[in-house]
Amino acid sequence: MIRRLGAVLVVLMLLAVALPSLAADVKIKGDFNNRFMIYTNHNDWLDAEEGVLRDGSSSETWGEAKYRMWFDASTDDGKVKGVWGMEIGGLEYGKPSVGGISSTGGSYSGDNVNIETRWLYTDFQLPWACEKARVRMGLQPFTANSFFWSETIMGVTFDIAAGPVNLNFAWLRPYRDETKDPDDDVEDLDAFYVRADFKPADGIKAGVFGVYMTGDPDNSGPATSTITSQKYEVKNFANNYELDLFTLGLDGKADIGKFFVNWDLMYQTGSVDGANFSEEYNGWAYNRAAVNKNFDVSAWFAHFDLGFKMDKMKFTYTFWYSSGDDDGADGDFNAFMAVDIDRMDNICIFEGGFTDDDYYTEKGYLLDKGFIMNKLAFDYKASKKLSLGAAAMYMLTAEDIEYIDKNGKMQKENEVGIEFDAYLKYKLYDNLEFAINAGYLFSGDAMDFWEVQDRNGSSDEDIFISTMRIRYSF
């Protein structure tokens, strides 16, 4: 594998030299990100939707590397472009391989196998259309909305400029069923996307979009897997039930003098049929469950930023509300569901730490209980090389987290807590950045749900995280 990759890289580098004579332009770009967990008192919490809080300290420090390199080959006139991007990492210092193969190991004798295809697509201008009508096909970056769906995905997208309006269309294929049994229905999952972006005035952008996700499996028998409140995100749903999910949205931004505003508003409707649901977490289960049931979807999401800029300073107030569900087994899914995103809005809950492969959740909400965020942020651009900032957040779930404590008492809590974050970034060179940040969560009583030994209705475990990176980009 490594030898084959080396051979391919050599060929591509030779092509980068030879292709200019063939009316093509080949660029090699890179992002070499060296990240360090300086210290956390709760490494047990950073487990991608499966974190817990044990009594005392689960402290840890580590280093890792995540490198991306991509090749951008385009014709001189820019009408055709091909992109291949690869990712190596996160390669953790000293992490052993398992069974001789590891996707993250960096122990004795190297990492064994650790290569991911990040992008692989062709982008070209339609020959019979205007310059701003393009098609992109393959594994590509895709964003419908940063709170709903923003990740790489296989698909075909169309971008067309029609006067003051930009139009986007896409067919995406998140899941393909390779069933070949003539007596079994094919269980593909498809997504269809449309967007129109407008510029009604200088400094103002607005968009309207819709996404329809549909899968039509054989529902002659009961569902064999379960949707849980723990991993309430579309990419974690199994593909053995019927999904018809519509997401309609408005978003945009405006800059008016020194003031700015950003906004997002989404509504979800549709159905998830023939599904199992259980309100459970890491083996702990409440008495809410449903088997082979049809669920109606009705959920919504709202977000805005309000701020102003003054010289080198920026002040921002952020609010969002992600609807939650007080009983997911009742036949109605009222909790807003993301498809596949990475939120970096704070360090202790989301992916704001620079070691962003280790986090509690990538979604903008907790469980299926939704989320309410209130955030004040201050950013200061001290010089061309130095920037720093701080933020304070008050966070809750939209619906109470209900659970039985260690004494057999029912608890209902929604206060996630107050978090303080700070960061500093400094350019050692134009393309080499040093950055450090830290976050401290003063846990609210809702965090008691995640405590293992002392689940008693009140929070006992605060969370501290500090990370650093040295990042070389070219």
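This is a short tour of the structure, stop by stop.

**Before you start**

The model is predicted: local features need pLDDT of at least 70, side-chain atom pairs count only at pLDDT 80 or more, and totals for chains, interfaces and linings use all residues. Residues are numbered from 1 along each chain as its sequence is written, and side-chain values use heavy atoms, with hydrogens and water left out.

**Whole chain**

Show the protein chain as a cartoon. It has one helix and 20 strands. Both are DSSP runs numbered from the N terminus: helices are H or I with at least four residues, strands are E with at least two. Of the 474 residues, 47% are buried. Buried means under 20% relative accessible area, exposed means over 50%, and partly exposed lies in between (1.4 Å probe, protein chains only).

Switch to the surface. Its accessible area is about 22400 Å², and carbon and sulfur atoms hold 57% of that. Such areas come from the Shrake-Rupley method with a 1.4 Å probe; for residues, only the protein chains shown count as cover.

Now think about contacts, meaning heavy atoms within 4.5 Å. Among the contacts with a separation of 6 or more, 60% join residues 24 or more positions apart.

**Stop 1: G249**

Select G249. It sits in strand β11, residues 242-256. Its relative accessible area is 5%, so G249 is buried. Which residues does G249 touch, leaving aside neighbours within four places in sequence? They are G207, V208, F209, L265 and M266. F148 and G249 are 101 residues apart in sequence, and their C-alpha atoms are 9.8 Å apart.

**Stop 2: salt bridges**

The structure holds 28 salt bridges. Each is a side-chain nitrogen of Lys or Arg within 4 Å of a carboxyl oxygen of Asp or Glu.

Select K363 and E49. Their closest N and O atoms are 2.8 Å apart in a salt bridge. The pair links distant parts of the chain, 314 residues apart: K363 is in the loop between β15 and β16 (371-381), and E49 is in the loop between β1 (24-40) and β2 (60-75). Are these two residues buried or exposed? Both K363 and E49 are buried.

Move to D357 and K66. This salt bridge also has its closest N and O atoms 2.8 Å apart. D357 is in the loop between β15 and β16 and K66 is in strand β2, 291 residues apart. D357 is partly exposed because its relative accessibility is 34%. K66 is at 11%, so K66 counts as buried.

Next, pick D188 and R173. Their side chains meet in a salt bridge at 3.6 Å, N to O. D188 lies in the loop between β7 (165-175) and β8 (189-201) and R173 in strand β7, so the bridge ties together parts 15 residues apart in sequence. R173 has a relative accessible area of 23%, so R173 is partly exposed.

Then select R35, E64, K66, R68, E87, D356 and D357. Salt bridges with shared partners join these residues into one network.

**Stop 3: charged patches**

Select K132, K199, K205, K253, K309 and K314, which form a positive patch. Patch members have over 30% relative accessible area and no salt bridge; like charges are joined within 9 Å, and nonpolar side chains (Val, Leu, Ile, Met, Phe, Trp, Tyr) within 5 Å. Lys and Arg count as positive, Asp and Glu as negative; His and the chain ends are not counted. Each charge is placed at NZ of Lys, CZ of Arg, CG of Asp or CD of Glu.

K309 lies in strand β13, residues 284-310. K309 is partly exposed because its relative accessibility is 43%.

Finish with D296, D326, D330 and D332. They gather in a negative surface patch. D332 is in strand β15, residues 332-333.
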